[in-house]
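Open the model in a viewer and keep the selection tool at hand. The stops below are given in the order in which to select them.

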Amino acid sequence: MTTANPATVTPPATTARLRSLVTEIRETVNRGLPPEPTAYMVAERLLPHLGRPDLLTAEQCEGDPRNYRQHVLHAERDGSFSVVALVWLPGQCTPVHDHVSWCVTGVHRGEEHERRYRLVPHGTSARLVATGDVVNPAGTVAAFAPPGDIHLVRNSGTGPALSLHVYGADIARLGTSIRRVYDLPADR
């Protein structure tokens, strides 16, 4: 299993489309709604930008042969949200994890395979129960907020996959969106 490199802040180079997306996200986040509706509304803002060739620079699409790669594209000054590009080469995956905040994902290229889990009591401890497997092709968005956001994501395809993630936290400062990695027995 591979894990992400520590966050690296992408150089200031950006695109007009990405700047427009950041403005749309800012307007949504500044409404001050609870996490779940904020995530769903941000997903609606992200969707029309996915797959557009003018969204990211070439550097922001580069992967790493050792681990999936995280490019921090924007971190709002007040820490209210961040936009991150994750580049997955074939076979790369996350550990089973949850998040520090609400999250929106959108597949820009390729497809991501996701296994979702639920944490259930098991005697004096707990175990993970898989609740579903989802294939997210290019153009797919998903929105969620803790709790109930435990999953594993992988690129099971033969080519690179690239997804945009918007988090309700300052990922440039935190270095990751992962709150907890789960190393518990899982049913599959």
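Is histidine 151 buried or exposed? Histidine 151 has 6% relative accessibility and therefore counts as buried; buried means under 20% relative accessible area, exposed over 50%, and partly exposed in between, with a 1.4 Å probe and protein chains only. This is a predicted model, in which local features need pLDDT of at least 70 and side-chain atom pairs count only at pLDDT 80 or more, while totals for chains, interfaces and linings use all residues. Residues are numbered from 1 along each chain as its sequence is written, and side-chain values use heavy atoms, with hydrogens and water left out.

**Stop 1: the annotated histidines**

Stay on histidine 151, which sits in strand E9 (residues 150-154). Helices (H or I, at least four residues) and strands (E, at least two) are DSSP runs, numbered from the N terminus. Show the contacts of histidine 151 (heavy atoms within 4.5 Å): leaving aside neighbours within four places in sequence, they include His97, His99, Glu114 and Phe144.

Now select His97, His99 and His151 together; an unreviewed UniProt entry places the feature "binding site" at these residues. UniProt positions are given in the numbering used here, feature names are shortened, and annotations may be inferred rather than shown by experiment. The three span 55 residues in sequence, but no two of their C-alpha atoms are more than 9.5 Å apart, so they gather at one spot. Of these residues, His151 is included in the lining of the largest cavity.

Move to histidine 99, in strand E4 (residues 97-99). Because its relative accessibility is 3%, histidine 99 counts as buried. A polar contact of 3.3 Å links its side chain to that of histidine 97. Such a contact is a pair of N or O atoms within 3.5 Å; within protein, one must be able to donate a hydrogen and the other to accept it, and residues adjacent in sequence count only if both atoms are side-chain atoms. Not counting residues up to four places away in sequence, histidine 99 touches Phe144, Pro146, Asp149, His151, Tyr167, Ser177 and Arg179.

**Stop 2: the cavities**

A cavity here is a set of points on a 1 Å grid over the protein atoms alone where a 1.4 Å probe fits but cannot get out, and lining residues have an atom within 4 Å of a point. Grid points are joined across faces, edges and corners, and a volume is the space filled by probe spheres set on the points. There are two cavities of 30 Å³ or more.

For the largest, about 50 Å³ in volume, select Thr105, Glu112, Glu114, Asn136, Ala142, Phe144, His151, Val153 and His165. Strand E6 (111-122), strand E8 (141-144) and E9 each give two or more residues to this lining.

Strand E5 (103-109) and E8 give two or more residues each, and E5 has the largest share, three residues.

**Stop 3**

Select threonine 38 in helix H2. The side chain of threonine 38 reaches the backbone oxygen of leucine 33 at 3.1 Å. With 4% relative accessibility, threonine 38 counts as buried.

Finish at glutamine 60, in the loop between helix H2 (35-46) and strand E2 (69-75). Glutamine 60 counts as buried because its relative accessibility is 1%. A polar atom of its side chain lies 2.8 Å from the backbone nitrogen of threonine 57.

Terms used
1 Å grid on protein atoms, 1.4 Å probe; cavity = no way out; pocket = protein on both sides within 12 Å on 5 of 7 lines; lining within 4 Å.
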